[in-house]
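Reader: I have a chain open on my screen and want to talk it through. Can you take my questions as they come?

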Amino acid sequence: MIRDITIGQYYPAESRIHRLDPRVKIVCTLLFIVSLFIQNSLLGYAIATVYMGTVIRLSKVPFKYIVKGLKPVVILLLFTVVMNLFLTKSGGTLVHFWIFTITEGGLRTSVLMAVRLIYLVVGSSVMTFTTSPNGLTDGMEKLLHPLNRLGVPVHEVAMMMSIALRFIPILLEETDKIMKAQQARGADFESGNIIQRAKSMVPILVPLFVSAFRRANDLAMAMEARCYHGGEGRTKMKPLKYHGRDRAAYLLTVFYVVVVFAAGRFIPFRLWIF
């Protein structure tokens, strides 16, 4: 399971998506997420599938590598589906067993929430796979730059995000090493029920926290040794600049959102809804 977590990982490749400005990928990802919640039609989700599939193909990131990132959220996905399936009481009754009732509205809501959650994770994963942590930091800092006038420490926030993204793969690798070391000494993390498995994971937390604090202290000392004092007066070695392909990506994504909204708003509801 630890190896299946792909958050914060970057997949190097030569593709059109990799060459886009980080700001474009961040904004387009947000627009894609918004498009998932502004419509409930089958046609809208079909268009979203085509859009997402095209982006994945252009990114040259293996599809199985993207799907692997869904494994850590399977429990959350199942919980969301079950809660919406049995707690939503709108529409006609489809199945009734003991105290459980499945209605048309519950089935529709659970399916839509599952699709939204899957597409949200996949869309966000494509952004992180095709953008380096430094690129994400620079893009986020540039997008939030107007907030400096309100006293928001944008550079410090972007720096914290960059450090967090860099530390996620490191901490996952450290967790895997600790688990293997304890398994070599007879620890068992796979047998028993969920509660017993959770208790068996507790001994991993202590050495993991010690390692995390040690790394944080080393990083702080390294930054102080290099006279880091925040973002005031700092310049970029590679300043971000928009190109023609970036503007084209903006236009295509906005066009996609408009089409999805129109499909959900003007296509007959009963024809395209579950």
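**Overall layout**

Author: Read along the sequence, the protein chain runs α-α-α-α-β-β-α-α-α-α-α-α-α. This is a predicted model.

Reader: How many helices and strands does that come to?

Author: The secondary structure of the protein chain comes to eleven helices and two strands.

Reader: What box do the C-alpha atoms fill?

Author: Taken along the principal axes, the C-alpha atoms of the protein chain fill a box of roughly 65 × 60 × 40 Å.

Reader: And what share of the residues counts as buried?

Author: Of the 274 residues in the protein chain, 34% count as buried. On contacts, residues 24 or more positions apart account for 73% of those with a separation of 6 or more.

Reader: Now H1 and H5. How do their axes cross?

Author: The axes of helix H1 (residues 22-37) and helix H5 (residues 104-129) come within 10 Å and cross at roughly 175°. Angles over 145 degrees count as roughly antiparallel, so H1 and H5 are roughly antiparallel to each other.

Reader: Which residues make that contact?

Author: From H1, the contact uses Lys25, Ile26, Thr29, Phe32, Ile33, Leu36 and Phe37. H5 brings Arg116, Tyr119, Leu120, Gly123, Ser124 and Met127. By class, the residues of the contact of H1 with H5 are eight nonpolar, three polar and two charged.

Reader: H6 next. Where does H1 stand relative to H6, roughly parallel or roughly perpendicular?

Author: The axes of H1 and helix H6 (residues 133-143) come within 8 Å and cross at roughly 75°. That makes H1 roughly perpendicular to H6. Pro22, Arg23, Ile26 and Val27 in H1 meet Gly135, Leu136, Gly139, Met140, Lys142 and Leu143 in H6. This contact of H1 with H6 has six nonpolar, two polar and two charged residues.

Reader: So which H1 residue turns up in both lists?

Author: Ile26 is one of the H1 residues in the contact with H5, and Ile26 also meets H6.

Reader: Switching to H4. What span should it have, and what are its ends doing?

Author: At 1.5 Å a residue, the 14 residues of helix H4 (residues 74-87) should span 20 Å. The end C-alpha atoms of H4 are 20 Å apart, which agrees.

Reader: Which residues of H4 are buried?

Author: Leu77, Thr80, Asn84 and Leu85 are the buried residues of H4. They cover an arc of only 120° around the axis, which puts them on the same side of H4.

Reader: Why would residues with gaps between them in sequence point the same way?

Author: An α-helix has 3.6 residues a turn, so residues three or four places apart point the same way.

Reader: What do the buried ones in H4 pack against, and what is on the face turned away?

Author: The buried residues of H4 pack against strand E2 (100-103) and H5. The face turned away from the buried side of H4 carries the exposed residues Ile75, Leu78, Phe79 and Leu87.

Reader: And threonine 88, where is that found?

Author: Threonine 88 is in the loop between H4 and strand E1 (93-97). Leaving aside neighbours within four places in sequence, threonine 88 is in contact with Met83, Thr103, Gly105, Gly106 and Thr109.

Reader: Last one, lysine 60. What is its phi?

Author: Phi of lysine 60 is near 65°, a positive value in a residue other than glycine. Most residues other than glycine have a negative phi. Lysine 60 is found in the loop between helix H2 (42-59) and helix H3 (63-68).

Reader: Is lysine 60 buried or exposed?

Author: Lysine 60 is exposed, because its relative accessible area is 53% and the cut-off for exposed is over 50%.

Methods:
Residues numbered from 1 in each chain as written. Predicted model: local features only at pLDDT ≥ 70, side-chain atom pairs only at ≥ 80, totals over all residues. Heavy atoms only, no water. Helix = DSSP H or I, 4+ residues; strand = E, 2+ residues; numbered from the N terminus. Buried < 20%, exposed > 50% of the residue type's maximum accessible area, 1.4 Å probe, protein only. Axes fitted to C-alpha atoms, helices over the stretch in contact; angles between N-to-C directions. Parallel < 35°, antiparallel > 145°, perpendicular 65-115°, else oblique. Contact = heavy atoms within 4.5 Å. Nonpolar A, V, L, I, M, F, W, Y, C, P; charged D, E, K, R; others polar. Expected span 1.5 Å × (residues − 1). Arc of directions from axis to C-beta.
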